[in-house]
Amino acid sequence: MRKQESEGENLDFESNSNRNVNFKTAASDQSLLTILDDIKSSKSPAVINYGASWCGVCSQIFPAFEELSNRFQGMRFVYADIDECPETTRHIRYTPTFQFYRNGEKVDEMFGTGEERLRDRLWLHS
């Protein structure tokens, strides 16, 4: 759920070791708006992972999301923390939420975790 404190560890999603050019982290509302504009004007498929550093479920799926970005090189991967991008993520009601884009249009959405579910959706939309 949105902005509900978790008793788990806070994870710093910014400190990932991913060096792929197809993986970006939106650090602010402005950076997310820029990324969204880029996705909407592109023909490349993309997925946005909306999460939060305090969300235990988000911290469980994030390593798999990062690893999958290495496997799906033709797809853009974006992580947006709802607390870092509060204005542009007001529509997000659950974390994690994954939104899939193709030809600049949102074509699918997935709530919650499940590495296999996520991998299947990525394969479908890549």
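What you're looking at is a predicted model, so local features need pLDDT of at least 70 and side-chain atom pairs count only at pLDDT 80 or more, while totals for chains, interfaces and linings use all residues. Residues are numbered from 1 along each chain as its sequence is written, and side-chain values use heavy atoms, with hydrogens and water left out.

**The overall fold**

- The protein has three helices and five strands; helices (H or I, at least four residues) and strands (E, at least two) are DSSP runs, numbered from the N terminus.
- Start at the N terminus and the elements go β-α-β-α-β-β-β-α.
- Of the 126 residues in the protein, 44% are buried. Here buried means under 20% relative accessible area, exposed means over 50%, and partly exposed is in between (1.4 Å probe, protein chains only).
- Take the contacts with a separation of 6 or more: 74% of them come from residues 24 or more positions apart. A contact means heavy atoms within 4.5 Å.

- Helix H3 covers residues 115-125, and its buried residues are Leu-118, Leu-122 and His-125.
- These three sit on the same side of H3 because they cover an arc of only 75 degrees around the axis. That arc is taken from the directions from the helix axis to the C-beta atoms.

**Strands S4 and S5**

- S4 and S5 run antiparallel, with six bridges joining them. Two strands pair if DSSP finds at least two bridges between them.
- Within this pair, Phe-98 stands opposite Met-110 in S5.
- The hairpin of S4 and S5 has two residues between the strands, and Asn-103 takes a positive phi near 50 degrees there.
- Phe-100 belongs to S4 and counts as buried because its relative accessibility is 0%.
- Phe-100 and Asn-49 are 51 residues apart along the chain, yet 9.1 Å separates their C-alpha atoms.

**Salt bridges**

- Search the whole structure and you get six salt bridges. A salt bridge is a side-chain nitrogen of Lys or Arg within 4 Å of a carboxyl oxygen of Asp or Glu.
- One of them joins Arg-76 and Asp-38, with 2.8 Å between the closest N and O atoms. Arg-76 is in strand S3 and Asp-38 is in helix H1 (residues 29-40), so this pair ties together parts that are 38 residues apart in sequence.
- Arg-76 is partly exposed at 26% relative accessible area, and Asp-38 is partly exposed at 35%.
- Another salt bridge links Arg-71 and Glu-67 (3.7 Å, N to O). Both residues lie in helix H2, four residues apart, which is about one turn of the helix.
- Glu-67 is partly exposed, at a relative accessible area of 35%.
- Glu-87 and Arg-90 also meet in a salt bridge, at 3.0 Å from N to O. Glu-87 is partly exposed at 48%, whereas Arg-90 is exposed at 53%.
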